Amino acid sequence: MATPNDRAVLQAIFNPNTPFGDVVGLDPEEDAEEEEADEDRGFPQAQLEQSKALELQGVMAAEAGDLGTALERFDQAIHLLPERASAYNNRAQARRLQGDVAGALDDLERALALSGGRGRAARQGFVQRGLLARLQGRDDDARGDFERAARLGSPFARRQLVLLNPYAALCNRMLADMMGQLRGAPNQ
C-alpha cells in the first residue's frame, strides 16, 4: 500500500503541471458542504433558501449565455441578503464575462470583506481576483491571491502558483521527460 508521500511523488512524476503534494483522489474540498453551512449560519432560513435559489437561477442563466438574467438574479440575491458573500462572487463572475472588470473587482472586494478572508467564499474570491490580476499582467498580485486561496484549500490555486513559477514548472517538466525516457529504455 502506498503512503500519501508515495502518491504525491507519483503525482508529481506523471502530472508535472500539478504542484508537488497534490494527490489525485484526495479532495481537499470534501468538507465544502459543512464549510458552506458554517458560512451561512446566522441568516434567516427562509431568506437563505430564497437567496440560494436565486443564485442557482443566476448560475444557470449565465451558463446558458443569458448574462442579463444572471445579473438580475444575483442582484436579487444580494438585495435579499446583502451580508452573504456568495452572491457577490457569482455576480463578479457574470460581470467579468460581460467585460466589466472594475465591477467584478468591486464585488470580489465585497465578498472577501464579508467572508473575513475565510472559508469557501474567500477561497473563490481570491481565485477569481487572482485570475483577473493575471489577465491584467499583474503576476505579483495574482501570486498573492493564489497563495491565499491555496492556504484555504484550493487545488486550482496551487496549480496556478506552479504555472507562475517558471523554475518549478521547468523542474517538473524535466522530471517527466526523464521518466518518459526511462520508460522507453529497453530492458537489459
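A salt bridge here is a side-chain nitrogen of Lys or Arg within 4 Å of a carboxyl oxygen of Asp or Glu.

**Entry one: ground rules.** I am working with a predicted model, where local features need pLDDT of at least 70 and side-chain atom pairs count only at pLDDT 80 or more, while totals for chains, interfaces and linings use all residues. Residues are numbered from 1 along each chain as its sequence is written, and side-chain values use heavy atoms, with hydrogens and water left out.

**Entry two: the count.** I looked up the total and found 13 salt bridges. I also found a network of salt bridges that links D40, K52, E55 and R84.

R84 sits in the loop between helix 4 (67–80) and helix 5 (85–98), and D40 is in helix 2 (residues 32–40), so I noted distant parts of the chain, 44 residues apart. Helices are DSSP runs of H or I, at least four residues, numbered from the N terminus. Both R84 and D40 are buried (under 20% relative accessible area with a 1.4 Å probe, protein chains only).

I turned to R91 next, and its salt bridge with D107 has the closest N and O atoms 2.7 Å apart. Because R91 lies in helix 5 and D107 in helix 6 (residues 101–115), this pair ties together parts 16 residues apart in sequence. R91 and D107 are both buried. D107 counts as buried because its relative accessibility is 3%. D107 also meets R95 in a salt bridge of 3.3 Å, N to O. R95 lies in helix 5 and D107 in helix 6, so this pair ties together parts 12 residues apart in sequence.

How values were computed. Helix = DSSP H or I, 4+ residues; strand = E, 2+ residues; numbered from the N terminus. Buried < 20%, exposed > 50% of the residue type's maximum accessible area, 1.4 Å probe, protein only.
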